[in-house]
Amino acid sequence: MIQKIDEVLDRKENENLKQLLLICSDWRISIDNAENGYTVDNGFCCIPQSKQDINTSKENKELTEIADKIAARIKEKLNLNANVVRYYYNLYTKSAVGSLHVDENDDNFLSIVYSIDDDGYTIINDEKHYDKPRQAKIFNSNILHCGSPPIYNKFRFNLNIVLELKENYELKP
């Protein structure tokens, strides 16, 4: 089951996020699937200041604040009692190929893919879910999924959030 929420950020907030990602200096090569290692172009990721990875650059503090805002709005809208496990910003180039993966193996985690652009899609459970700017796609973290390269532009951005549920939650269509 996949639940979607539109207009998580307003247009100005989303554009500000995009501008911060364009100037971010902390991009690193992404590995979606450890078996492939660096043999497949999975694009790039930026892991801002979080519980897992402390990075004190000014851009990452701002990116974390925006990710916190997105997570809080989604949790409020869905009435979720959950903790943030991580934030990954993804940058896909034309040559990137997403590898199917799960974010967590347990049932008590949710994944969120927040679309910043409208030029690509995320495959979730063998279905293509096209990007819609400012839309969040929410699904169980143990479902296979992957990102895609941009269709028309030179790159596309999205944000992946993983939440650990403190109590059961059933996704709605």
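Biologist: In strand 10, which residue is the bridge partner of Y92?
Modeller: Strands here are DSSP runs (E, at least two residues), and helices are H or I runs of at least four, each numbered from the N terminus. Strand 4 and strand 10 pair in the antiparallel sense. For Y92, the bridge partner in strand 10 is R156.

Biologist: What kind of model is this, and what pLDDT do side-chain atom pairs need?
Modeller: Residues are numbered from 1 along each chain as its sequence is written, and side-chain values use heavy atoms, with hydrogens and water left out. The model is predicted: totals for chains, interfaces and linings use all residues, local features need pLDDT of at least 70, and side-chain atom pairs count only at pLDDT 80 or more.

Biologist: In what order do the elements of the protein chain run?
Modeller: The chain has 2 helices and 10 strands. From the N terminus on, the run is β-α-β-β-α-β-β-β-β-β-β-β.

Biologist: What is the order of the strands in the open sheet?
Modeller: Two strands count as paired if DSSP finds at least two bridges between them. The edge strands, each pairing on one side only, are strand 1 (3-5) and strand 2 (28-29). The sheet has 7 strands, with antiparallel pairing, in the order 1-8-5-10-4-3-2.

Biologist: How many bridges does strand 10 make with strand 4?
Modeller: Strand 10 also pairs with strand 5, antiparallel, over 7 bridges. There, S111 has V162 in strand 10 as its bridge partner. With strand 4, also antiparallel, the number of bridges is 11.

Biologist: How many residues of strand 4 are buried?
Modeller: Buried means under 20% relative accessible area, exposed means over 50%, and partly exposed lies in between (1.4 Å probe, protein chains only). Strand 4 has 12 residues and is mostly covered. Its buried count is 10.

Biologist: Why does N90 count as buried?
Modeller: N90 sits in strand 4. C45 stands opposite N90, where strand 3 (residues 44-46) and strand 4 pair over 3 antiparallel bridges. Contact means heavy atoms within 4.5 Å; beyond its neighbours within four places in sequence, N90 contacts residues including W27, F44, R156 and F157. N90 counts as buried because its relative accessibility is 10%.

Biologist: Within what arc do the buried residues of helix 1 fall?
Modeller: Helix 1 buries E13, N14, L17, L20 and L21. The arc is taken from the directions from the helix axis to the C-beta atoms. Seen down the axis, these buried residues line one face of the helix, so the arc that holds them is 120°.

Biologist: Which exposed residues does the face of helix 1 turned away from its buried side carry?
Modeller: The expected span of a helix is 1.5 Å times one less than its number of residues. The 13 residues of helix 1 should span 18 Å, and the end C-alpha atoms are 19 Å apart, which agrees. The face turned away from the buried side carries R11, K12 and I23.

Biologist: What separates the C-alpha atoms of K4 and Q135?
Modeller: K4 lies in strand 1 and is partly exposed, with a relative accessible area of 40%. Leaving out residues up to four places away in sequence, K4 touches H129, Q135, A136 and K137. K4 and Q135 are 131 residues apart along the chain, yet their C-alpha atoms are separated by 6.8 Å.

Biologist: What is the phi of E7?
Modeller: E7 lies in the loop between strand 1 and helix 1. E7 is exposed, with a relative accessible area of 55%. Although E7 is not a glycine, its phi is positive, at about 55°.
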